[in-house]
Amino acid sequence: MIVAGCAEYFRQTRIKENVDRYPLGFASVVNFRSLSLSCVLVTLAAVIGSHDTWGQDAVDASPSVFELPTRHLAYQKLLVQSENAIRAGDLKGCEGFCERAIATLPQDPMAYIQLARVNVRRGDSSNAIENLRSAGDAGYREAALLISHQDFATLKPMPEFQSVVRKIASNQPKQFPYQDDVKDGVVEDGIATVSKENTGYVSSIQTLIAKFALPEEGRENDPSRTAVVRGQGKAGELVRQWFLEGTASGNRGDFYDNHDHDHSNMDYASFPQLTRIEYVDEAKDAGLTNGLQTQWLFARRTIGNSSTALTGGPFWRSQPRAAYTQAGLATRLYLQYVNNHLYFYPEHRDHDPGLNGVGGGYGDLYPANTPYLITSQGSSGSDRPFMHAIALTLAALRPDVKDELTRKHALMPTIQMLFRSCSQRVADENDYLTAKAHPSVFDSKNLNVERMVRRAHALTIETLPPLVRVRVLHEDEPVVGVNQFDSLSEKLFDTPCSIARVARSLEYQRRMILSAEGSEDLNGHELTWHWVVLRGDAEKIQITPLGESGSKVELIVAHHEPFAIPGSPGMVTNRVEIGVFVHNGNHYSAPAFVSTYFPTSESRLYDEHKKIQSVRYRDYRKEKHYADPLIEPVKDWQDLFRYDDEQRLLGWTRLRNEERESFCANGGLITERDDFGRPTIAKVVNYVVRNEKSGYPVVVPVATDKKMRYTYASDSDRIGTHVVEQ
């Protein structure tokens, strides 16, 4: 199965959010409540919004596979709405959402399960059994969950229920739950055409998978019969020599996916063994073949590109920044990475000298860094030299090495290690553990392709590089309304090779406990762990090993103002970055990253005790100041904080236009005080993110009717205690 080793990760990370909310095993449901503003603004508006009437009218009961990603997204939304309705006791509403969901995607079992819950609560056992039977016919497999769920307790003694449960328990997993048969596509004349016959949709990872069979070696249309590479300088000469000697693999079985409708193709004529992916018109019409590639996995090694960017409106950005700022997309990039895929995109306007457009650019706008793709300095066409370099490197690998790396899902981590360690900026192994090897964006002038192919060809089965993986064991959490004044999560994403946070809390320091114990050497060699500061003020960053091996650390990152990137004239960033590496005695791994992005729309002032004194939020709709609206919703006020002599927070004063408001230490809006000026009654305040017609997200503080009442132990007590009235 193409996603072996990846689907389980996806279930454990993305899907675990739904276990408590969806106890019957909504394995393919996205927790829309947890999705960030970006997903609501971009994904739902662009995809679900245009099809939100599905299920109200009759639809094709057997939609094309190319419709499934969009329908599945709409289906997920309906399931969440059905769950919210049933929890609120609205059985009719739940029934309506389920019926629309079934009309949208009749092949999925979960809406039938929801309908069965409605039936049981109405006392309709017969229809409940029929809906459970339909769920089983649609492939539902969680028999144990049905038996244990309280909604079906009254059905358990019934023979019909027991029969349905036995049927469900006997269901076998299917790689493509919504399709009975997906055939291997045929490669002809070096072209692999994606069609509905060779494409399947895997709902658990929300991904289309296209399957292809290569011609038998030696046959007339076998790509290995052609020249391995044409031109490409000394690197091409070496690859040709090694291929003739039988020690280089060439590009047989390597696929190329252009994802910008041939706007900026690589020079595939120079790589005649590469197989080009083409799409039928139906896939193109479904909007699946252009822009950021997060919808597809191919059952072959794949490199690809999209020399495109989002250029209009407040959400302009390069495709990599789009991936890093939309919920769930970094996970999809990770799945590509460990399934032998690597894509290339230009930075366009996201990585140029300057600040707020002054000087021509905006600095480094990326809130995170990953090894999952390669971002090129420049715009259209700037990605081509990197594709050629990687195609040559793939061709230079020895056949057994390439097969082993492919089989163990380690090919692209190895390619990233070779690519980064062979940069013109990297003189030795010590440089590899610095920012020289791991920028956000790569300049083609630093490519050393000859070095890349030589090091690739030197790899043997015994000297394969290790794989690094990192995860968060614990971290400080902000308190919304006290030290964070919006409702967005600090967690941008968590993936095994990249963790990204936005420092929304006003605390001076942010603490995390991190583990790289899940790292692996493909040959079982002992590992050493290396945690290094790639970007940021080393005086403000503490990395403390926990244990002798160094596989776990405590990371403390203090507040950073925007700072210049060393070695990159005119470049400014707001991102602090830690690199994580393992070494197996032969090679370092590709990097894993832990990034902390400090909001650019805030001006913070801390005192000598590291206590926040004031924060001013720039209304970047009006000021000549750029902030990413998918990370930083607009706020238009200033807060001035108050402390007692023991440096305990008393509260803050909020200034907005001509208005002044006072807040107590736990975030309540003060409405009444005693004779000593201490708050006695305050209102609970919620911070709601709303979208303007212009598209900008704006934080709106909303004072509720819920009150906090304060009491004090003595006249000198400044802190007191409070209770919240329900």
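Modeller: Helices (H or I, at least four residues) and strands (E, at least two) are DSSP runs, numbered from the N terminus. This is a predicted model, so local features need pLDDT of at least 70 and side-chain atom pairs count only at pLDDT 80 or more, while totals for chains, interfaces and linings use all residues. Residues are numbered from 1 along each chain as its sequence is written, and side-chain values use heavy atoms, with hydrogens and water left out.

Leaving out residues up to four places away in sequence, Trp 296 touches Phe 66, Val 194, Thr 199, Thr 207, Leu 208, Ala 210, His 259, Tyr 279, Leu 288 and Gln 336. Touching, or contact, means heavy atoms within 4.5 Å.

That brings us to the inside. The largest nonpolar core has 158 residues, and those touching the most other members are Leu 132, Val 194, Trp 296, Phe 298, Ile 303, Ile 390 and Leu 514. Helix α13 (residues 384–396) is the biggest giver to this core, with 9 residues. Another core, of 19 residues, lies apart from it and includes Leu 488, Trp 652, Phe 663 and Val 689. A nonpolar core here is a set of buried Ala, Val, Leu, Ile, Met, Phe, Trp, Tyr and Cys residues joined through side-chain atoms within 4.5 Å. Buried means under 20% relative accessible area, exposed over 50%, and partly exposed in between (1.4 Å probe, protein chains only).

Also worth a click is the loop between β6 (254–258) and β7 (275–279), where His 261 is found; Asp 262 lies in that loop too. Neither is a glycine, yet phi is positive: about 55° for His 261 and about 65° for Asp 262. His 261 is partly exposed, at a relative accessible area of 46%, and Asp 262 is partly exposed as well, at 47%.

For a contrast, go to Ala 682 in strand β33 (residues 679–691). Ala 682 counts as buried because its relative accessibility is 0%. Leu 669 is 13 residues away from Ala 682 in sequence, and their C-alpha atoms are 4.9 Å apart. Among the residues that Ala 682 touches are Cys 664, Ile 670, Lys 706 and Tyr 710.

Stepping back, the protein chain has 17 helices and 35 strands. Its C-alpha trace spans about 95 × 70 × 50 Å along the principal axes. Of its 726 residues, 57% count as buried. Among contacts between residues at least 6 apart in sequence, 67% join residues at least 24 apart.
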